[in-house]
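Open the structure in your viewer and keep the selection tool at hand. This tour goes from one selection to the next and says what is there.

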Amino acid sequence: MKHTVTTLQKMKSEGSKIAMLTCYDASFASLMNQCGVDMLLVGDSLGMVVQGAGSTLPVTLQDMVYHTRCVARGAGDALVLADLPFGSYQQDKEQAFASSVALMQAGAEMVKLEGGAFMAETIAFLVARGIPVCAHIGLTPQSVNTLGGYKVQGKGDMQAAQLLQDARTLTEAGAHMLLMEMVPAALAGEVSRSIAVPTIGIGAGPETDGQVLVMHDMLDVYPGKKARFVKNFMADAGTIQQAVSNYVQQVKAATFPAPEHCY
Ligand code: KIV
Ligand code: NA
């Protein structure tokens, strides 16, 4: 059955975990859909894993449109979520709308943007105009230069309270989904129980409503440094299909992430 915001919301209410992977082309989209991946994220991580850049900042809206079109052709029942790249939405809500339209016309069914409560007005504007939004909080890689590196976020009482407040504000603004990257597992669990919409974690522990990993990380293809939260699913698999199926099964069973992948 084709995934929609409604089926994903139902998964949260029923306590069944959402399995998401990043995807950048049609063949992997088809493979992942066949292996039971619920959502495909056309991530701006493609700047690093596909284009070889040192961060996600050089990725353009045109790059995202191209890869979204490729993924949408193979996605089948999986819901296609596409990242709004750096500089394509932060200026004002009108810019965010125009950029989101380009992604939706390329086949995205939801868009993702990075930022806390300051993005609430933009999210409300997009949702009112027919564009489901996933809000990405915690470590927001497009802000690596102001954050001073790729570090765990939401540590300490003040930062934790801020993250929880951001999650509430963004949900009230109409976000359909919340993604948390590199936050303490206990905090991600608290956020997930505090808001009505599904949460997806990466380096956020086992208590979120779903998980995501970058495909090049979990297939052990990316040559760069691996974060603590990455698991190499090729280690116990003979084929890519097996690795992806194992990932789906372990997310659904909540056996991934294990304590060694958490903060
Ligand atoms: O671009 C990406 O792959 C992402 C995930 C790390 C969540 O945003
Ligand atoms: Na991203």
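Before the helices are selected, one term is needed: a helix axis here is a line fitted to the C-alpha atoms over the stretch in contact, and an angle between axes is taken between N-to-C directions, from 0 to 180 degrees. What is on screen is a predicted model. The chain has an average pLDDT of 98, and 100% of the residues score at least 70. For the complex, the predictor gives an ipTM of 0.99 and a pTM of 0.98.

**Stop 1: the barrel**

Select the strands S1 to S8. These eight strands close into a barrel, in the order S1-S2-S3-S4-S5-S6-S7-S8, with parallel pairing. From one strand to the next, the twist averages 25°. In general, strands of a sheet pair through backbone hydrogen bonds, either parallel or antiparallel.

Which residue of S8 is the bridge partner of glycine 201? Glutamine 211 is the one to pick.

**Stop 2: helix H8 on the strands**

Select residues 156-172, which form helix H8. H8 lies across strand S5 (133-138) and strand S6 (177-181). Relative to S5, H8 runs at about 170°.

**Stop 3: H8 with H9**

The crossing of H8 past H9 is right-handed.

To view the contact, show the side chains of these residues:

- in H8: Ala160, Leu163, Leu164, Ala167 and Arg168
- in H9: Leu187, Glu190, Val191 and Ser194

By class, this contact of H8 with H9 holds six nonpolar, one polar and two charged residues.

**Stop 4: H5 with H6**

Move to residues 93-105, helix H5, and residues 120-128, helix H6. Their axes come within 9 Å and cross at roughly 45°. H5 and H6 are therefore oblique to each other. H5 passes H6 in a crossing that is right-handed.

Which residues of H5 meet H6? Select Lys93, Ala96, Phe97 and Ser100; on the H6 side, they meet Glu121, Thr122, Phe125 and Leu126. The residues of this contact of H5 with H6 divide into four nonpolar, two polar and two charged.

Definitions and conventions: Residues numbered from 1 in each chain as written. Chains lettered and ligands numbered in written order. Predicted model: local features only at pLDDT ≥ 70, side-chain atom pairs only at ≥ 80, totals over all residues. Pairing = 2+ DSSP bridges. Helix = DSSP H or I, 4+ residues; strand = E, 2+ residues; numbered from the N terminus. Contact = placed C-beta atoms within 7 Å. Left-handed = near helix turned anticlockwise from the far one by under 90°. Nonpolar A, V, L, I, M, F, W, Y, C, P; charged D, E, K, R; others polar. pLDDT = per-residue confidence, 0-100. Parallel < 35°, antiparallel > 145°, perpendicular 65-115°, else oblique.
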